[in-house]
Amino acid sequence: MATKHTLPKGGFNFDNYIRNNTLETKGTRPPKATSTGTTIVGVIFKDGIVLGADTRATEGPIVADKNCEKIHYIAPNIYCCGAGTAADTEFTTNLISSQMELHRLSTGRQSRVVTAMTLLKQMLFKYQGHIGAALVLGGFDPTGPNLYTVYPHGSTDKLPYVTMGSGSLAAMSVFESRWTPNMSREAAIEIVKDAIEAGIFNDLGSGSNVDVCVIEKDKTDYLRNYGRPNERGVKEQSYRYPRGTTAILKESITKFVDVSDGDAMDISL
């Protein structure tokens, strides 16, 4: 006797809504989106690529590192800016850099940017976004300058100028208003510096200094702390005040440890 199968009815299923509502009434909090807390950018100019990043690392509301490195080495002609979880960006780029080195030794050819991009997107897609690495990948290979963004879930874009991170909107406003095709090296570095500084001054997750990496056909220049917009100035006056300036209204001292006389500890051998 043949089993009769009934097709499910069309329309929306609200079972998950009922489940989620029940979980919330029991005190379970819904998941929150994680802010990347970074400004990273890239731009193509006449003779190559310029990448830029800020140098602030955060742990929630705490500034954990004022001068960290967010531009990671992939190959001699390829570098990658990372936003998101610091450990994820660092170890992901290290792993792909190792694979690119083995690929160069195997083929005897210069690394292609699209190869690094494919390795990155396949790895990130495999982990379904649980590796929090949002990347700006740039380099110069036999096909010319190439610039990509790689999102944590594995999707990619190929554009002449890109921004990522929590300060990306402020940085993009600089590119949208000032970018032109076939820019000079100096103009490209300046627009990248200004884009990162826009993120630094308009996003609390970005801050400190500006790192820049210039990749051309036969050379790569890593300009560490190229911009220092937050230099600490000299205080205009002394803020030291003599003892007694602020009155003490009440003083209370509580002893939590009772010290009693006893036998001295034997320290003889």
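**Ground rules**

I number residues from 1 along each chain as its sequence is written, and for side-chain values I use heavy atoms, leaving out hydrogens and water. Since the model is predicted, I ask for pLDDT of at least 70 for local features and count side-chain atom pairs only at pLDDT 80 or more, while totals for chains, interfaces and linings use all residues.

**Entry 1: aromatic rings**

I began with ring pairs. A pair of aromatic rings is described by the distance of the centres and the angle of the planes. For my search, rings of Phe, Tyr and Trp (its six-membered ring) pair if their centres lie within 6.5 Å; planes under 30 degrees apart are stacked, over 60 edge-to-face, and the rest tilted. Searching the whole structure gave me four aromatic pairs. One of them is Tyr73 with Tyr79, an edge-to-face pair with 5.7 Å from centre to centre and 85° between the planes.

Next I looked up Tyr79 and Tyr222. Their ring centres are 6.2 Å apart and their planes stand at 75°, so this pair is edge-to-face as well. A strand here is a DSSP run (E, at least two residues), numbered from the N terminus. I noted that Tyr73, Tyr79 and Tyr222 form one aromatic cluster.

**Entry 2: buried or exposed?**

I call a residue buried under 20% relative accessible area, exposed over 50%, and partly exposed in between (1.4 Å probe, protein chains only). Tyr79 is buried at 12%. Tyr73 is partly exposed at 35%, and Tyr222 is partly exposed at 29%.

**Entry 3: strand β1**

I then turned to β1 (residues 40-45). Six of its six residues are buried, so β1 is largely enclosed by the rest of the structure. I checked both faces and found them covered: Ile40, Gly42 and Ile44 on one side, Val41, Val43 and Phe45 on the other.

What are the neighbours of β1? Strands pair if DSSP finds at least two bridges between them. β1 pairs antiparallel with β2 (residues 48-54) over six bridges, and Val43 has Val50 of β2 as its bridge partner. A hairpin of two residues joins β1 to β2. β1 also runs antiparallel to β10 (residues 161-164), joined by four bridges; there I saw Gly42 opposite Val162.
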